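Hi,

Here is the structure I said I would pass on.

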Amino acid sequence: MKKVTTAVLAAGLLTLAACSSDLPAGSGDAATPAGESSSQDGQAASEFFDQAEYERQLALRDATPEGPADKPWEQALEPEMVDTSQYAKDGPHKVCFSNASVDNPWRQVGWKTMQAEADLHDEIAEFTVLDAEAKDDKQISDIQSLTSQGCDALIVSPNTTATLTPAVEQACGTGIPVIVFDRGVDTDCPVTFVHPIGGYAFGASAAEFLADEVGEGGKVLGLRVLPGVDVLEHRWAAAERIFEERGVQVVGAEFTENDSATAKSVVSDYLQREGTIDGIWMDDGTAAVAVLEAFEDAGVEAPAISGEDQQQFMEKWKSENLTALAPTYPTYQWRTPVIAALKILNGEEVPKEWILPQPVIDSASLDQYLTEGMPPLHYGLCGCQDMPDYPERWQ
């Protein structure tokens with residue numbers, strides 16, 4: 001039986017940027033984790049905007065992925081492969097993981113999925129995991145500890161980018177192959193960096209959908225989680241540009257801190273003020289059901305809305321035949337680092353930047369990701385549906 005050593009604590013359901021990623025400059029989204037601000041509140045989104053990266057991410061939405069058609073967590077977009085023969089060694093292996101946190105539902109679903117992936121591989125004799133509890137200093141200590149414990153490969157999901165970069169560089173310097181995923185670091189020393197396309201792609205897909213639905217002059221309310229979180233700023237920066245290009249009237253962009261009661265109150269206030277809201281754009285879909293309830297309470301038909309692949313939203317979408325779209329930041333990405341670690345230890349090539357597909361759920365594909373009986377805060381793109389112990393393990 002595989003030995004699993006973990007210091008993961010029971011986590012609450014606080015969700016600030018549940019589907020956020022913090023990517024290094026030039027490689028997807030710049031780095032600030034959920035709940036942390038890289039700037040003072042109120043900075044203009046334009047200060048976070050990178051035109052070249054915006055264009056790259058929008059183009060990647062149409063790129064054809066390489067890899068198994070039925071395993072998007074093994075696919076890659078425009079990969080540049082690197083030789084890993086220097087890391088090849090005989091198993092069984094000890095794989096170690098330094099996790100930023102499990103402090104929101106998205107990370108909790110991902111963590112369950114990663115554990116299930118590790119269980120699939122007999123060549124992993126021991127899977128040692130330390131949870132940094134969203135604390136930089138603890139994660140720095142965790143990484144130093146893990147590199148002294150005989151790990152054959154080290155997976156890192158950094159809490160923040162700039163602060164964790166030296167710790168990751170130090171780990172690379174030990175000769176252990178390092179795999180970074182979800183959030184990035186400002187160094188290219190990891191063997192591979194795994195992440196979906198990014199925030200610009202997320203925000204643009206939602207904005208294009210709403211612009212099509214509400215038309216020129218249509219009224220859209222933007223609901224945002226926090227200011228100064230780069231991935232969320234990127235989502236909104238993309239949306240702003242598309243709404244302006246398409247002549248959509250943005251009646252407001254309000255921060256809710258992802259509190260459902262706050263989101264519902266904001267929408268109620270805008271309905272009273274504007275009379276009509278044709279669309280709701282969200283940079284995080286956790287409060288989507290509460291937002292829709294505000295329309296119900298006002299006796300107003302639900303507008304076109306963008307949410308995410310969270311169970312409770314998808315259930316409401318299907319049962320009420322909503323006009324909706326769900327851009328995603330798929331939790332199946334938690335499978336990929338384990339797969340990457342084993343490929344590296346086998347001396348197989350891996351992408352230097354392992355960019356995963358970032359599907360968008362529409363009404364036609366909704367049933368593919370909605371499973372009856374899953375918890376309200378489950379994410380449909382877990383990539384876990386064919387794994388052992390599904391669905392019980394995720395319930």
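What does the accessible surface of the chain come to, and what percentage of it belongs to carbon and sulfur atoms? It comes to about 15,000 Å², with 44% belonging to carbon and sulfur atoms (Shrake-Rupley method, 1.4 Å probe).

Before the rest: this is a predicted model, where local features need pLDDT of at least 70 and side-chain atom pairs count only at pLDDT 80 or more, while totals for chains, interfaces and linings use all residues. Numbering runs from 1 along each chain as its sequence is written, and side-chain values use heavy atoms, with hydrogens and water left out.

The chain has 11 helices and 15 strands (DSSP runs, H or I of at least four residues for helices and E of at least two for strands, numbered from the N terminus). Of its 395 residues, 58% count as buried (under 20% relative accessible area, 1.4 Å probe, protein chains only). Taking contacts with a separation of 6 or more, 76% are between residues 24 or more positions apart (a contact is heavy atoms within 4.5 Å).

After helix 6 comes G247, with a positive phi near 75 degrees.

A search of the whole structure gives 1 cavity of 30 Å³ or more (points on a 1 Å grid over the protein atoms alone where a 1.4 Å probe fits but cannot get out; lining residues have an atom within 4 Å of a point). The largest cavity has a volume of about 30 Å³, and its lining includes R224, D283 and D284.

The largest pocket holds about 430 Å³ (an open set of points with protein on both sides within 12 Å along at least five of seven lines). Of its 23 lining residues, D70, K71, P72, W73 and G383 lie nearest the centre. Helix 10 (336–345) and helix 11 (366–369) are the elements that give two or more residues to this lining.

Cheers

Terms used. Buried < 20%, exposed > 50% of the residue type's maximum accessible area, 1.4 Å probe, protein only. Points joined across faces, edges and corners; volume = space filled by probe spheres on them.
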